[in-house]
Amino acid sequence: MTRPTGSELMEKIVALCKRRGFVFPASEIYGGINGFWDYGPLGTQLKNNLRDAWWRDMVECPPLGPDGHPVSIVGLDSSIIQNPRTWEASGHVGGFSDPMVDCRESKARYRADHLLVLRPRSEETDLFAFLEGDPGPALKQAKKVLRRAVSEEDFVAEPFTGLDPSERGRVWGPDASSAGTLTEPRQFNLMFRTFVGAASGEDNVAYLRPETAQGIFLNYKNVLDTSRVRPPFGIAQIGKAFRNEVTPRNYIFRSREFEQMEMEWFCAPQEAQQWFEFWTEARLAWWRSLGVQEGNLQLRRHDADELAHYARDGAGTYDVEYRYPFTDPGFGELEGIAHRSSFDLEQHQQASRTKLEYFDPQTQERFVPHVIEPASGLTRGVLVILCEAYDVDPSRPSPEIMRFPKRLAPIQVGIFPLINKLGMPETAEKLYLELRSRFVVQFDVKQSIGKRYARMDEAGTPFCVTVDGDTAEDQAVTVRDRDTGGQERVALDRVASYLSERFATA
Ligand code: GAP
């Protein structure tokens, strides 16, 4: 068994994550709910570790700025539900939408900009729609309609949105049994609506936040008035965001409830370009620092027609992109770094009639700060870490290993007695009690030592410590390295410092 690629790799990762308790479909016993996922014991720990790494490296110990001095970033935890006027001013009520197409027959709903059609090269006949990356069902339909064997080379793939409206009647939807069932594309707002309080009238409508960023803009003045930060500075927030995605897919890549890690960097307008470049490079370097392979990451600048409404006045947006198994050999978004200019603060200043200018006592200048925003998905980041970690070592009896970087591993150390007698469990438990205040440790006595190693390999545990028959005599244990499978004899009273040294160089 070698490490698979593409859809086979994705299937293996999803299966391992389910089997080992990283990620479960939400409401599984009721048949699930599309676009929602639950994180199990290992997944929660992994997600928390990635969250904590971001917080540590962005808020508590942020990078040095272009002048070599530390930059200043403070934290925030704002409400998921804010006054609905927030979302009118931010442009989300009017502009946060995706083009959507319904199938009148199957009732399925598709993102129009994710739909492609197969157009036969040799004849003017029907067209067959499919979701990008998955032409299989469309080829099956084409085979049936054209009554002959077909392959992808017999067709040209074109965007559905680029079709002449007169051709739409000839398009077979991905799940349809006849042509012409797809509606015209129309805009669909992605915000989840709810009602605040007992009444359910339009006056009580509120929205679940589709990004954590707006909570930061609403508190920009509070932070400025109550702490010692002054532009340039950042406010960071990690939390849930909700988008009623038309087609959630690719596992936890695009879900309807997810978590973001966002930082809004407030600076003088004339410095914004320099900070935009600084944060773009810093964020790419951060993902690399977590061990994401260089060749699996790239920066891509948005084309003008892709820019979000808030980034149109700025100098643009960069995406840090990752080569996901389902985009391979192409790349997909992991994080966006947007130059939002003063768009959001100006909008909120105008709508709330609250002055959000900053007066710089040194230069005697008054300005509404410009904002550079590195906006990353925490749950999407977990997917990247899972994809990077998954490996296969055919020489092991259970070949699947999660090679998490030590900093992110959900369990850091496994501790086992080789057998459950001759004082070994007692010594192992004593060691477990000594180590658990310093490391995330799991004590495991069940099944053979080989099976326990295999379980820890799948959980991505960097080190396993085994108390064996010699321990009573030599006062030493065996430490096994997940990645090499190599074993080292370490004195019992040195295990803690041995592990500390290994984790310090993670
Ligand atoms: N405040 C800017 C903003 O929200 P975005 O590019 O829409 O920008 C930022 O989102 C990041 O949030 C994305 O790069 C992605 O990692 C993550 N994200 C966005 N939509 C998502 C979804 N439906 N499911 C999972 N992650 C998502």
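In this predicted model, three strands each supply at least two residues of the shell around the ligand: S14 (257-267), S17 (332-341) and S20 (370-377). S17 gives the most to that shell, with 5 residues. By class, the shell holds 10 charged, 6 nonpolar and 5 polar residues.

Which residues come nearest to the ligand? Of the 21 residues around the ligand, these are Glu211, Glu245, Glu262, Glu333 and Leu334. Glu245 places a polar side-chain atom 2.8 Å from a nitrogen atom of the ligand. The backbone takes part as well: a polar backbone atom of Ser255 is 2.8 Å from a nitrogen atom of the ligand, and a backbone N or O atom of Leu334 lies 2.8 Å from an oxygen atom of the ligand. The ligand taken alone exposes 550 Å², and the protein buries 92% of that.

The strands S14, S20 and S17 also belong to an open sheet of 7 strands, in the order S3-S13-S14-S20-S17-S16-S15, with mixed pairing. Strand S3 (73-76) and strand S15 (297-301) stand at the edges; each has a single partner strand, so one side of each is left without a neighbour in the sheet. On average, neighbouring strands of this sheet are turned by 20° against each other, direction ignored.

Within the sheet, S14 and S20 pair in the antiparallel sense over 6 bridges. Glu262 has Ala375 in S20 as its bridge partner, and Glu262 is also one of the residues that come nearest to the ligand. Helix H2 (residues 41-60) lies across S3, strand S13 (233-242), S14 and S20, and runs at about 160° to S13.

Technical notes
Residues are numbered from 1 along each chain as its sequence is written. This is a predicted model: local features need pLDDT of at least 70, side-chain atom pairs count only at pLDDT 80 or more; totals for chains, interfaces and linings use all residues. Side-chain values use heavy atoms; hydrogens and water are left out. A residue is near a molecule or strand if one of its heavy atoms lies within 4 Å of it. A polar contact is a pair of N or O atoms within 3.5 Å; within protein, one must be able to donate a hydrogen and the other to accept it, and residues adjacent in sequence count only if both atoms are side-chain atoms. Accessible areas come from the Shrake-Rupley method with a 1.4 Å probe; for residues, only the protein chains shown count as cover. Helices (H or I, at least four residues) and strands (E, at least two) are DSSP runs, numbered from the N terminus. Ala, Val, Leu, Ile, Met, Phe, Trp, Tyr, Cys and Pro count as nonpolar, Asp, Glu, Lys and Arg as charged, and the others, Gly among them, as polar. Two strands pair if DSSP finds at least two bridges between them. Axes are lines fitted to C-alpha atoms, for helices over the stretch in contact, and angles run from 0 to 180 degrees between N-to-C directions. Contact means heavy atoms within 4.5 Å.
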